[in-house]
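Please find my notes on this model below.

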Amino acid sequence: MQTPTVSVTDAPEARDIAVISRGLDEFNEGRAGADDQRDLAVLVRDPESGEVLGGLSGRTSLGLLFVDTFHLPSALRGSGLGSEILRAAEDEARRRGCVNAVLYTLSFQAPGFYRRQGWQVFGEIPCRPPGTSRVFLTKEL
C-alpha cells in the first residue's frame with residue numbers, strides 16, 4: 001500500500017467533509033454506544049417576507065448542546081430577542097436530554113450577554129487582532 005498524501009485546502013468538497021464526519025460519528029458511536037447528534041437552529045424571520053434575519057445554529061450530541069453561531073442584526077439587539085433565542089435553544093437541548101452546553105465568542109462580541117444568561121467562562125485564548133481573545137463559556141442545563 002502506498003503512503004497516503006496530505007493536502008491543505010480552504011475550499012474542501014462537501015463530500016470530503018462528509019467522509020471525515022461519518023468516520024468520527026462511527027468511532028464515537030462505537031465508543032459511546034450512541035449516535036444522537038442532531039442539528040439545532042432557532043431562526044428569526046421577517047414577518048412579511050419570511051426571510052431569515054438571524055438566529056442561532058448548533059447541535060446536540062451525547063448530552064451536550066454546542067452553540068456554533070449566533071447573530072442578530074443591530075436593529076434587533078437589546079430587545080430581549082437574543083435572550084429568547086438562547087432560552088429556546090437551551091429548552092430544546094433539555095428536551096433532547098442535554099445536561100450541559102458550550103460555546104465560544106470573541107471578546108468584542110458577546111461574553112457579557114452570555115454571562116447575564118447564566119453562562120460561565122471556563123477559558124480564554126488570545127487571538128488576533130492584538131488584545132482580542134476567544135472566550136469559552138459553559139452552562140449547566
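**Notes on the model**

1. Leaving aside neighbours within four places in sequence, S61 is in contact (heavy atoms within 4.5 Å) with D36, Q37 and F66. S61 sits in strand β2, residues 52-61. Strands (E, at least two residues) and helices (H or I, at least four) are DSSP runs, numbered from the N terminus. S61 is buried, at a relative accessible area of 16%. Buried means under 20%, exposed over 50%, and partly exposed in between, with a 1.4 Å probe and protein chains only.

2. On provenance: this is a predicted model, where local features need pLDDT of at least 70, side-chain atom pairs count only at pLDDT 80 or more, and totals for chains, interfaces and linings use all residues. Residues are numbered from 1 along each chain as its sequence is written, and side-chain values use heavy atoms, with hydrogens and water left out.

3. The largest pocket has a volume of about 530 Å³. A pocket is an open set of points on a 1 Å grid over the protein atoms alone, where a 1.4 Å probe fits, with protein on both sides within 12 Å along at least five of seven lines; lining residues have an atom within 4 Å of a point. The volume is the space filled by probe spheres set on the points, which are joined across faces, edges and corners. Of its 22 lining residues, F70, H71, L72, A110 and Y114 are closest to the centre. β3 gives the most to the lining, with five residues.

4. Cysteines: the count of disulfides (sulfur pairs within 2.5 Å) is zero. C98 is buried, at 6% relative accessibility. C127 is partly exposed, at 21%.
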